[in-house]
Amino acid sequence: MAGQHTRLPPLNALRAFWAVMRQGTFRSAADELLVTPQAISQQIKLLEDTLHVPLFERKARVIEPTEHAIILSHFIQAGFDEFTEGIRRVTNSTYRNRININVSPYFATRYLMERLERFRQLMPGADIRLTTMVNVRDFAADEVDVSIQWGFGNWKEYDVRLLMHDPKIICCSPELARQISSPADLGRMTLLHPVMARDLWRKVLAHLGLPSMEMAGEIEFQDAATMRRGSISGIGVGLVSKLDALADIEAGTLVAPLGIDILETMDKKDVPGFYLVVPKAHKRVKIISVFCEWISAEQW
């Protein structure tokens with residue numbers, strides 16, 4: 001509760017502080033803000049008096065930020081970034097019906113594209129900008145409004161909601177399958193896994209009762225489609241998404257040597273999924289809020 005009554009310093013003092021932190025000297029900060037070095041010095045003194053902590057050590061003509069200043073600078077940067085983003089959105093009329101969505105490539109091609117028209121019906125005239133990247137983007141720097149990411153929901157600084165789990169089936173080529181009759185045989189195989197979840201095989205092996213088994217070799221893949229092709233080609237044993245695995249098993253290009261249901265009882269926290277990830281403040285914008293409500297209500 002005490003934090004709710006913290007007195008904020010004057011904005012001009014914060015601007016001067018942030019300019020000094022970026023420019024390195026009072027004079028350069030003054031040139032940036034079109035004021036005198038004395039004015040910058042006064043604003044820094046005001047800020048130090050308000051916070052009751054020293055922010056710079058003055059050594060002849062050189063200033064060095066204190067530990068307090070370094071900590072504060074990270075929050076000031078985030079604050080000014082938020083100010084800039086908010087002002088841009090309010091003043092840029094072309095942005096009001098625009099939504100920038102970053103989506104996991106697999107989710108985009110397998111699930112989202114065929115349903116995106118439903119959202120357009122809710123928001124006629126919506127300007128939808130879609131990018132497909134496996135990593136969570138920098139929402140401010142990359143101008144991303146909302147993201148749909150594959151993983152385990154570990155994005156604590158954002159509002160995160162599970163859309164669907166992505167259960168896996170242990171798959172390999174028919175040739176490799178002839179060498180696998182029990183989970184222990186996986187220790188002799190090259191195991192294929194996504195770079196975004198390097199410990200996924202460890203979780204699988206623990207589920208199979210082999211938590212400390214040594215792996216003969218591993219190959220990481222940036223995306224699910226490439227890992228699936230690697231499994232089909234016979235270079236190793238992959239963890240293939242159930243939807244794809246069942247289709248490939250039916251086609252005869254992949255085999256589930258330990259059965260398609262062996263991972264069905266894995267602890268849900270160890271099963272990856274696709275998550276809606278969005279900064280809480282972004283949901284105040286109508287088109288983003290509508291998108292979040294729509295995609296959360298869809299039966300994926």
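Contact means heavy atoms within 4.5 Å. This is a predicted model, where local features need pLDDT of at least 70, side-chain atom pairs count only at pLDDT 80 or more, and totals for chains, interfaces and linings use all residues. Residues are numbered from 1 along each chain as its sequence is written, and side-chain values use heavy atoms, with hydrogens and water left out.

**View 1. Helix H8 and the strands it packs against.** Helices (H or I, at least four residues) and strands (E, at least two) are DSSP runs, numbered from the N terminus. H8 spans residues 200-207. Its buried residues (under 20% relative accessible area, 1.4 Å probe, protein chains only) are Leu-200, Trp-201, Lys-203, Val-204 and Leu-205. They pack against strands E5 (146-151), E7 (168-171), E8 (190-194) and E10 (237-241). Gly-209 follows H8, and its phi is positive, near 85°.

**View 2. Helix H2 against H3.** Two packed helices are described by the angle between their axes and the distance between the axes. Axes are lines fitted to C-alpha atoms over the stretch in contact, and angles run from 0 to 180 degrees between N-to-C directions. H2 (residues 26-33) and H3 pack at about 105°, with axes 8 Å apart. H2 is therefore roughly perpendicular to H3 (65 to 115 degrees).

**View 3. Residues of the H2 and H3 contact.** H2 brings Phe-26, Arg-27, Ala-29, Ala-30 and Leu-33. H3 brings Pro-37, Ile-40, Ser-41 and Ile-44. The classes are 7 nonpolar, 1 polar and 1 charged. Ala, Val, Leu, Ile, Met, Phe, Trp, Tyr, Cys and Pro count as nonpolar, Asp, Glu, Lys and Arg as charged, and the others, Gly among them, as polar.

Notes
Angles under 35 degrees count as roughly parallel, over 145 as roughly antiparallel, 65 to 115 as roughly perpendicular and the rest as oblique. Buried means under 20% relative accessible area, exposed over 50%, partly exposed in between (1.4 Å probe, protein chains only).
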